[in-house]
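Let us take a friendly walk through this structure, starting with one whole chain and then stopping at a few single residues. Please keep the viewer open as you read.

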Amino acid sequence: MKKLRRTMLFAPANNPKLLFNTPIYEPDCIIFDLEDAIKIDEKDAARNLLAEALKVVDYGNCEVFARINPLRTPTNDKAPFGELDVRTLVPAGLRRMRLPMCETVEHIEELSILLDELEEKHGIEKRSVKIQASLETVLGVENAREIAACSDRITSISFGSEDYTKSLGAVRTKEGSEIFFARTQIVVAAALAGVDAIDTVWADLGDLEGFKKEVRSTINLGFVGKSCVHPSQVKVVHEMMTPSMEEVEKSLKIVKAAKEANIENGGVMQIDGKMIDIPIIAKAQKIVSLAKGAGLIK
Amino acid sequence: MKGICGNEKASDVLVSVDLSVIGISIEIRSKLKKMFGYSMEKAVRESLDELNIENASVIVEDFGALDFVIKGRTKTAIERAIKNGGGN
């Protein structure tokens with residue numbers, strides 16, 4: 001069954017309470033932040049605290065990520081914290097990480113080589129540590145296709161709109177026309193590579209209607225999930241991204257009929273007077289998979 | 001020689017480490033010392049052992065921290081003390 005990543009809830013890694021409380025909000029994924037949410041002189045404390053948490057806290061069904069610090073500076077020099085984050089957290093149990101400011105295939109290759117070394121050294125299953133590449137610059141978005149497809153460690157790519165609009169010289173608006181190209185580029189790249197696309201955050205916590213409108217566009221564009229900055233956003237996204245039982249039952253009927261008629265790979269049939277072909281069967285299969293992942297059906 | 005890590009906030013702990021001493025001493029300051037003092041001290045000792053520290057004075061001011069928080073803060077305080085010129 002495919003792992004759901006409808007919500008990725010950020011939590012600063014230097015807050016002890018959030019390290020054990022965040023699962024109660026039941027996000028599909030928790031992303032403990034070592035990057036922007038942590039002051040420079042607290043990077044060491046956050047890293048060590050998260051490492052100790054990973055050794056003992058049971059996060060249940062939540063998929064745990066860390067947003068590590070970048071491995072490279074904007075001028076491509078070695079950055080001070082990223083490698084230390086990886087060297088500390090992987091032996092402690094981290095198996096998923098978001099690499100911020102990812103711009104080129106070389107960034108992924110550099111991280112992957114480091115992970116090869118750590119997997120070997122600590123007896124961790126080879127290639128089991130996975131990467132989510134965060135594309136948040138013009139160059140990163142431009143290289144989305146290559147990055148998404150460059151490694152079996154990539155399970156998803158995510159979009160960061162604030163840094164992207166900064167690097168583009170655009171104004172970030174709620175309406176979002178300035179990020180439409182980047183969002184579609186990322187969704188297309190992810191679909192081609194067979195990985196998940198995760199949409200950017202919505203920072204205005206007071207504007208629930210604006211948030212819902214954005215989540216609707218997240219779904220319509222083809223993203224499978226959204227980064228969330230507050231627990232209140234998790235429920236909204238789950239409600240909007242989880243199919244209704246009516247949709248699920250209809251999809252189950254289509255999937256079952258297609259299997260019985262042996263047209264899953266080609267051909268057409270009729271159900272309740274409507275023509276059913278491969279794209280409709282594929283959409284029905286996706287809804288069934290989503291319903292299973294969300295626990296609506298077994 | 002000295003390193004500090006943590007916060008005076010609920011669920012956190014403030015750990016001070018001095019590496020310029022001989023032997024190990026651990027002082028626990030906590031409202032819950034009677035109930036959890038032993039496990040708090042154990043968390044500190046495990047952190048010292050993992051980093052091969054044989055000489056340290058450690059003061060733990062607890063604000064309701066779980067053991068993993070004590071370990072994370074203690075390790076960082078030790079690393080900061082080493083960075084500040086302390087050695088073992």
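The paragraphs below begin with chain B and then turn to selected places in both chains.

A word on ground rules: this is a predicted model, in which local features need pLDDT of at least 70 and side-chain atom pairs count only at pLDDT 80 or more, while totals for chains, interfaces and linings use all residues. Residues are numbered from 1 along each chain as its sequence is written, chains are lettered from A and ligands numbered from 1 in the order in which they are written, and side-chain values use heavy atoms, with hydrogens and water left out.

Chain B is built from two helices and four strands, where helices (H or I, at least four residues) and strands (E, at least two) are DSSP runs numbered from the N terminus. Along the principal axes, the C-alpha trace of chain B spans about 35 × 20 × 20 Å.

How much of chain B is buried? Of its 88 residues, 45% count as buried, meaning under 20% relative accessible area, with exposed being over 50% and partly exposed in between (1.4 Å probe, protein chains only). Among contacts in chain B with a separation of 6 or more, 76% come from residues 24 or more positions apart; a contact here means heavy atoms within 4.5 Å.

One stop in chain B is Ser11(B), in the loop between β1 (2-6) and β2 (13-18). Ser11(B) is buried, with a relative accessible area of 12%, and has a positive phi of about 70° although it is not a glycine. Most residues other than glycine have a negative phi. Met101(A) is partly exposed, at 26% relative accessible area.

Now look at helix α7 (residues 161-168) of chain A, where Ser161(A), Tyr164(A) and Thr165(A) are buried. Viewed down the axis of α7(A), the buried residues fall within an arc of 95°, so they line one face of the helix; the arc is that of the directions from the helix axis to the C-beta atoms. An α-helix has 3.6 residues a turn, so residues three or four places apart point the same way. The cover over the buried residues of α7(A) includes α5 (138-142), β6 (154-159) and α8 (180-193) of chain A. Just after α7(A) comes Gly169(A), with a positive phi of about 80°.

Elsewhere in chain A, Glu214(A) sits in helix α9 (residues 208-221) and is buried, with a relative accessible area of 5%. Beyond residues up to four places away in sequence, Glu214(A) touches partners including Arg172(A), Lys174(A), Arg183(A) and Lys226(A).

Finally, which residues does Lys55(A) contact, leaving aside neighbours within four places in sequence? They are Ala92(A), Glu50(B) and Lys75(B). Lys55(A) belongs to helix α2 (residues 43-56) and is partly exposed, at 44%.
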